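Please open the model in your viewer and keep the sequence panel beside it.

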Amino acid sequence: MERTSVKIVVAGGFGTGKTTLVGSVSEIPPLTTEEVLTEASVGVDDTTGVEGKTHTTVALDFGRITISPDVVLYLFGTPGQDRFWFIWDELAQGAVGAIVLVDTRRLESSFPAVDYFERRGVPFVAAVNRFFGECAYTEDEIRSALELTPEVPLVWCDARDRGSSKLALIALVRHALGRLSPARA
Amino acid sequence: MAFDAWDGEDESAAGRFVPLYVLVNGRTSPRDSRLDLATQVVALPVDTRLLDPEYLRIVDRCGNWISVAEIGAYLQLPLTIAKVMVDVLVEQGYLGVGSPAQRKIVDRHLLDSVLAGLERL
């Protein structure tokens, strides 16, 4: 009996609509799972005067799409806080790729995600969330602000809309397939 | 934020009677490194009468294929704990494991079927 799961990571800065996108395409309401971390608090959280270990709870939202009786796709939103990189590592390992949501009011908030996937060679697409209204930037301006390389697809989406979120996922899978082609090897 | 994991060092209300680290015998990571938060597991048809209730809760959730992350979410277990407990259950033959999500390279055939599945949505 074989049952395979695949992962897609949904990343982006705080408040870019990650959970909204997961919820709009997931067949189940997004679930939340938690990771409890023990970490040295000095210089990280402002617990001035408190030395030693602290417990931090990091919430991960995720959804599911059944592709076939043998294949299930999981969509994992990255934690809002950028500093939990090791959780990103766990999410990104073996993933098909990532959707980096972009909020045009705060382009820079998605830069750490772009940088992360770029460095690790994880296929990703930038998805500009139209939810925030008229976009004041052209595609070129967004590409240049996020330092996107030319082969990274940029799509426009409305994370609240199932069809639109689905198109962003399709763009990512096509991009990941394209990178598998022997021509690139 | 349903509960705090008890670290054995403070007396604050932990919200559960058995500290999590006792449940997993102090194991801090799964021995089977293929276990990923998206890895699918399913209950095997074996006698579960000897299982501790905390483990039985997990097996009871696995009537159909389910991911480690879903087990954590439904049973309100931190992911690391869910992963280690699932690992113990796999090791002892209570749960079967599907293909790990952590393939280094996702193969073309799999991506093609994901693409087709998404287009059908």
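This is a predicted model: local features need pLDDT of at least 70, side-chain atom pairs count only at pLDDT 80 or more; totals for chains, interfaces and linings use all residues.

Residues are numbered from 1 along each chain as its sequence is written, and chains are lettered from A and ligands numbered from 1 in the order in which they are written.

**Chain B and its sheet**

Select chain B, which holds 5 helices and 3 strands; helices (H or I, at least four residues) and strands (E, at least two) are DSSP runs, numbered from the N terminus. Followed from the N terminus on, the elements of chain B run α-β-α-β-α-α-β-α. Of the 121 residues in chain B, 36% are buried, where buried stands for 20 or more other C-beta atoms within 10 Å of a residue's own, exposed for 12 or fewer, and partly exposed for values in between, with C-beta atoms placed from the backbone.

Now pick out the strands of chain B, which form an open sheet of 3 strands in the order E2-E1-E3 with antiparallel pairing; two strands pair if DSSP finds at least two bridges between them. Strand E2 (66-67) and strand E3 (95-97) of chain B each have a single partner strand and stand at the edges, so one side of each is left without a neighbour in the sheet. Strand E1 (residues 40-43) of chain B is joined to E3(B) by 3 bridges, and B:Val42 has B:Gly96 in E3(B) as its bridge partner.

**Where the chains meet**

Show both chains together and look at their contact, to which chain B brings 35 residues and chain A brings 34 residues; two residues are in contact if their C-beta atoms, placed from the backbone, lie within 7 Å. On the side of chain B that touches chain A, helix H3 (68-75), helix H4 (79-91) and helix H5 (108-120) of chain B are the elements that give two or more residues, and H5(B) gives the most, with 9 residues.

Then centre the view on A:Val72, which is buried, with 26 other C-beta atoms within 10 Å. Leaving aside residues up to four places away in sequence, A:Val72 touches A:Ser5, A:Arg64, A:Thr66, A:Ile67 and B:Gln40. The C-alpha atoms of A:Val72 and A:Arg3 are separated by 8.0 Å, although the two residues are 69 residues apart along the chain.

**Helix H5 of chain A**

Finish with helix H5 (residues 162-180) of chain A, whose buried residues are A:Ser164, A:Ser165, A:Ala168, A:Leu169, A:Leu172, A:Val173 and A:Ala176. The elements that cover these buried residues of H5(A) include helix H1 (18-25) and strand E5 (97-102) of chain A, together with H5 of chain B.
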